[in-house]
Amino acid sequence: MTAAPLSSDLAGCDLEPIRWPGAIQPHGRMLVLHAQTLEPVAASADWPVQGHGALLAALDRTALSSLPAAGAGSSPIGLGRLQLPGTAPQEVCAHRTPDHVIVECEDAAPGDPGPAPIYALARSFLPRLQQAQDLPGLCLLAAQEMRRISGFGRALVYRFDDDGHGEVLAEALEPGYDSYLDHHFPASDIPRQARALYLLNHFRLIPDARYAPVPLVPLAGGTPAQIDLSQAFLRSVSPVHLEYMRNMGTLASMSVSLVVDGKLWGLLSCHNHGPRTLALSARAACEHLGQLLSLQIGARQAAEEAAERLALRELTLSLVAELAESDATLQRLVHSAGLLRLARADGAAVVLDDAVWTTGATPPAAEIEALARWIVARGEDVVASDELALAWPDHAAPQAAGVLAVSISQVHRHVILWFRPEIVRTVRWAGNPRKSVDESGRIHPRKSFDSWVEHIGGRSARWRGAELAAARELREALIGIVLRRAQEMADAASALARVNKELEAFSYTVSHDLRAPMRHIAGYADLVLEMDGTQVSERGRRYLGHVKEAAAFAGQLVDALLDFSRMGRAALKPRSVATATLVDELVRELARNEPGRRVQWDVAPDLPRLVADPFLLQVVMRNLLTNAQKYTRGREQARIAVRSVSRDGRDGLEVEDNGIGFEMKYAGKLFGVFQRLHAAEAFEGTGIGLANVKRIIERHGGEVWAHGEPQRGATFGFVLPRISTD
């Protein structure tokens, strides 16, 4: 069956004052003393004054004063066996809290063998525990030994997941006990504050779930409800839990915490159909067994994680080496098989601002881009979720139920993402995990613990700690590569700028020095024709004419080269320019130059004001409009349009014509020096005009572009930054 998510109506369980119940279980007695004066402040009811008075007289007050403060995981300290008037021999233990010293008494078990169970653990159980091959085998040994020491009918090892739900990994049973192996128990069975208490107090015993709590009564102005019983053996437990035990067919239970790396990993839990208690020595042995199992689990987890991290680090180094040997652009990562293996992912993507590259099973590029924006907005270096639809409600791609992402830059949207698909898990619960609430609002635990199957979807496999660490290492390595490459590019740019300056100076000098020879060539050709024209043949005249034309064209090239050099050397004098006026003047000028042509000029009325050097902006527009007029000569009805354009917060102009156009594969060459796509005989010009346009626009911090289609026309445009002139 498929069930809805677990309800949150059990929040009251998390608010129950389980650490300050103001009562104890009835199988023992309690005396609460002031932490400094050791004067009685409270005692369990039904204990006559002379009883706890005799206890206080029998106790070593020096030993009580020197009790250390109870820390997390520490148990009450045994003070030995005492014989009090009118009672059986008592096992006495005590512990200190910031405000109180709490003394507990229980009837000593007859023939208690003392600490012998601990010796048996060290002698026989520990060597077998160390020889276990895997976690299930380790847990099974522990469950069997726990049942042997405790005498309880069922012992199981219970592991918590990240959501607080528990899973039974191993169990040891007597005949007549239900098996819960591989069953899950919801987090609501052991609420958050109860799990926190298990982390503080590693041992809990309930000898009989049918008990009636014995209240603490004040003796000297104390308030029992303010006495912290977190680490007391006798602390009374929640009535909801007692009902839970009875519904389960369990009258006695014992739990030992399994703590790994300071976190509650799970429990060693024991159940018995009938009432059952344990001597203090057996309790100590059970606690010790839990500590041994915790140490073994921690050691195995550490070894497995170290091996996993080592393997993933090798993958990281391989990825980084591949990238370092290439041009170090991040998009190359998607071509490496190691990228998916690094995070055990089904798909991955690299996002560089608005560009997306993918490999494997991924959502559409538009969704990846939106996800990258969301990740960058979070401001975290590493983001991981195995339930992306819950963390990011806009998401709906089943191939990406889980995502792991690293953000490479805090300035740009440079993100690497890994995706995992949805895994529909079948969970076998020990009964319907939802508690009921009656008309009065009282919470009732479930009455049946029969297997209850639920199918849970919407989540991917969890991201492991080693995978998160590998993603962080990859991020740091990539940042190092990017920074190194940025420094290399900065050095190269500096060197290139220096070379460009030298080339500009050289071209200016050469161009200037070539102007005189070109004039001389043309001049001497004129002199020959003038002085000796009658003696020169017709062929000679034709050759001299070619010389003059070539010299004149060479002179134009030299002038154009000089202009190009000046464009890079002249200081900019930007100010606000009314482009509508500028374009209108140039259109009228071009119309005068070719009075016989029919050109339809479509100039938009909303041309913007641009901040630029007025002279250089005129050079740009003159080149663009002249080219449009030139390359539409073959059209019976030439059309040239000028309109405003805006891109990424920048403004500019665009010139479109219906001329001969060009193939887009040559678009990159158009703005180069002396680059021509058509024969010089068909269209005049030096091939340097568009190079001037590009240089001028880029000096202003702008951008140029060109689009064309053969015999359909061309479009040239530019944008400049918006700069205030106030």
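**View 1. Four cavities of 30 Å³ or more are counted in this predicted model.** A cavity is a set of points, on a 1 Å grid over the protein atoms alone, where a 1.4 Å probe fits but cannot get out. Grid points are joined across faces, edges and corners, and a volume is the space filled by probe spheres set on the points. Local features need pLDDT of at least 70, side-chain atom pairs count only at pLDDT 80 or more, and totals for chains, interfaces and linings use all residues. Residues are numbered from 1 along each chain as its sequence is written, and side-chain values use heavy atoms, with hydrogens and water left out.

**View 2. The largest cavity holds about 580 Å³ of space.** Its lining has 31 residues (lining residues have an atom within 4 Å of a point). Asp189, Ile190, Tyr198, Arg204 and His241 lie nearest the centre of the largest cavity.

**View 3. Helices and strands both line the largest cavity.** Helices H6 (192-200) and H7 (239-247) each give at least two residues. So do strands E7 (154-160), E10 (203-206), E12 (252-260) and E13 (263-272). Helices (H or I, at least four residues) and strands (E, at least two) are DSSP runs, numbered from the N terminus. By class, this lining has 17 nonpolar, nine polar and five charged residues. Ala, Val, Leu, Ile, Met, Phe, Trp, Tyr, Cys and Pro count as nonpolar; Asp, Glu, Lys and Arg are charged; the others, Gly among them, are polar.

**View 4. The second largest cavity has a volume of about 50 Å³.** Arg309, Leu312, Arg313, Ala466, Ala469, Ala470 and Glu473 line the second largest cavity. Helices H8 (280-325) and H12 (465-532) each give two or more of these residues. H12 supplies the largest share, four residues.

Note on methods:
1 Å grid on protein atoms, 1.4 Å probe; cavity = no way out; pocket = protein on both sides within 12 Å on 5 of 7 lines; lining within 4 Å.
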